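The entries follow in the order in which I looked things up.

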Amino acid sequence: MLEYIKQWLAQRRGGSVGDLDADNLPTPKTAGDQPLSRCRLIVLDLETTGLNASKDEVIAIGAVAIEGGVIHLDDQFDLILRRPELDIRETVLIHGIGPEALTQGHETEDALLHLLDWMNGDPILAYHSAFDQKFLEKTLKAQLGYTLPHLWMDVAELLPAIFPKAETKGKSLDHWADFFGLEVSERHHAAADAMVTAELTLIALSTARRSGVKTLKDVTEKLHYQRRLQNMHRF
Amino acid sequence: MAAANQDTTRPQNTRAIMAFLREHAPFSNMDDTHLAHFAEHATLRFYGDGEEVLSPDDGVVKSFYVVKQGRIRGERHNEKDDRAETTFEISRGECFPLAALIGERPTRTLHRASGDTFCLSIEQKAFITLFSESEPFRDFCLRGVSSLLDQVNQRIQSKAMASIGASSSLDTPLERYALRNPIVCTPDLPVRKAVARMHENNVGSIIITDDNRHPTGIFTLRDLRTLIAEEKGTLDTPIQQVMTPNPCRLTATADAFEAAMLMAEHHFAHLCVVDDEDRLIGVVSERDLFSLQRVDLVNLARTIGTATHLRTLVSLRSDVSRLVDTMLAHGADSGQVVKIITTLNDVTVRRVLELNLKKDDPGIPFTWLTFGSEGRQEQTLLTDQDNGILFETPEGMTEDQVREKLLPFARKVNDELAECGFTLCKGNIMASNPKLCLSNNEWDDWFVRFIDASTPQNLVYSSIFLDMRAVFGPNEALQRLLEKVLVRIRKNALFQKMLAGNALQRKPPLTMFRNFRYLNDEKKHALDLKRQGLAPFVESVRVFALANGVGAANTLERIDELARKDVFDTKDANAWKEAYSLIQAIRMRAHQDMLAKNEELTNYIDPDDLNPLDRRILRESFRQAQRLQQKLEITYQL
């Protein structure tokens, strides 16, 4: 698997693995007037050993990139980290990554460097992004000492903001995927979950575009508004 | 590296796309490395409902698309009506735009998303790589989308052939069966010698011919049995005294199906095959036709036609269903199967009438009419009674007096037919209804009112009374009646227009934007194949047929006749016949499944229960129904 990643990285960047410079990693971008039709968005999903960010660990990273409103399948990230010391007995049933797959995974440090490089500082979308953000930031800090904050956006907030009238049967990723008739090729596989999240993002952004949402900033404002609305309902 | 191992090295999303592609032609025939090349170079795009995907204004086409979810419709501007027309639909797993991409030109049709749609696409470079490296892909692209339909047809046919053997297809011309030299004799030969000749040649029949080799009679082992059992003569009797004169005959170009139908109708087991000058070429037997299929059509028809009790007839109905099952399993065409069902139903109806006449003859000659699907010879196992009586009023009697005698008889027949499985008609369209037991003149008046003073309400009955046939009794009076009806309709443009408007009431179950349009809330995922699928064809075709003086009642025969009269384009006619037959085939298979599960027969199906191929066939067939209705709209400016 490493061979394969090396190859495509080499193809993409015109250099080989090992050339990465840990001191010169890309700087995260902020939400400005970039038109959505041109910017690159990362849609990411993590599989972890559990739900507790203070003691659980990341074991798999799946991500796809949306660029120009299109998902490019030659621009994706699908890695299992090499973390044999992790205890995954509790969650192995959910995501299907067994101890064997973990020992064959990638050197964590190496993989995270590649991830940062591949993400190129672009905004990151995830379903219930707070969860992924917490885990990824913790892991980046612990392994690489990297603390620059990426711009994160929550697809779980984006969807109800754009489809306020959608009668989904619940609020989970599965419910939204069902609502739009999407198929998840393998649920709880980081890359497959990232893919379906990205498909939902495409639907949401395409609909938003028709109601005048044009830039990255418009999206973040829409999300802020949605959050305020939620809070108002709460009190 | 092992294939399985190689597969795990591919990212999950690449594998998922490959798995998706593998479900569809031409990808299903392509190597994994080529599928991987596709998946790795693909982009996934989303189009909201109505969004343009490809337009003639976009310039030369540079991408190749596969629909991953949703639907794309091709839209062309109709100059005449100044509105957009859907020319084709592309659904999940299908590719576009082939012709433009290969021809390196812009597309000629605007491609629009129909419902929320995802498409996978590859750019020209990846397309060229696949085109040059993968033979199945290249074949597919060069032959275009039509090759897909070819594949479908080939698969259906090869299945049918595999099970019944190429030589026993019902479409096979008789000359292939009748190669064997027929055993013949002259009329004066004693029976003993004729039987000896049959024995020597190990055959069950002998044909009696005159000097010019024209068949004048047939003598079979069955006739021998009767001769001896009923002591009709000695073995020295000249054969012409005991033969069946004027044997049934067909020319060598007729096909096995026609032969089977003729045998079933008349309960013969042997038929003469003759040339254009009526000279005997051969004999074809029931066993020849059905030896491989083991379909005992003729025997069943004979058993029904000679049954002596109603309960025998009732018990034989399950044999009819089994026969249909076998025929469908052998890949018989749905048009043939409905004709067989109709023939067997006719035989049953006749036998019920004969048995009742034996018991209690009302003493007045009559013609037993049948309407609707039976009139069209399009019955399936789920069938209502739609019948009536036409009589000639004997001198010295009033019509009401005739009815007094005929109605109790008709009531009995209707009830007994119900016992045989022909459900009593809820609308009381039955011979025992005094309004449908009429004399020649009364029927004529009835049709005058129906056509010249038609209200929208009684137009509902057009599907019943304008498809009419005689099952029992003299046919001439009915023919005269029908001719008058046809002339009246041809002259009455308003009636035609009302009929056309009525035919458009039932729309094929396709929505503008989505997949199948389901019935209603109660039957969420149900389609009514009869009312929503077949009726649009039957009703539209009827309007064209009646307006153009086509006398046939059968929908497929009407389409053929309309094509011959240049009312329909030949290609359209074929597409409509095929679409109609395919819906019928799917409906009949569903009936057989219901019977197997002991469920009540309905015309409802859930398209989700069909395999993807049938689903697609069904959708395309419904689209053909829409096209036919469009033709009706244009013709009658509705």
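**Entry 1: first sheet of chain B**

I find 4 strands of chain B forming an open sheet with mixed pairing, in the order β9-β10-β11-β12. Strands here are DSSP E runs of at least two residues and helices are H or I runs of at least four, numbered from the N terminus; two strands pair if DSSP finds at least two bridges between them. β9 (184-185) and β12 (244-245) of chain B are the edges, each with a single partner strand, so one side of each has no neighbour in the sheet.

I note that this is a predicted model, in which local features need pLDDT of at least 70 and side-chain atom pairs count only at pLDDT 80 or more, while totals for chains, interfaces and linings use all residues. Residues are numbered from 1 along each chain as its sequence is written, chains are lettered from A and ligands numbered from 1 in the order in which they are written, and side-chain values use heavy atoms, with hydrogens and water left out.

I looked up the pairing of β9(B): it joins β10 (residues 205-209) of chain B in the parallel sense over 2 bridges. B:V184 stands opposite B:I207 of β10(B).

**Entry 2**

β13(B) runs parallel to β14 (residues 270-274) of chain B, and 3 bridges join them. I record B:V273 in β14(B) as the bridge partner of B:L250.

**Entry 3: the interface**

Which chain supplies 25 residues to the contact, and which 24? Chain A gives 25 and chain B 24, contact meaning heavy atoms within 4.5 Å. The two chains bury about 2000 Å² between them, 52% of it on carbon and sulfur atoms (accessible area, 1.4 Å probe, lost on being put together and summed over both parts).

I count 4 salt bridges between chain A and chain B (a side-chain nitrogen of Lys or Arg within 4 Å of a carboxyl oxygen of Asp or Glu). One of them joins the side chains of B:E51 and A:R210 at 3.5 Å, N to O.
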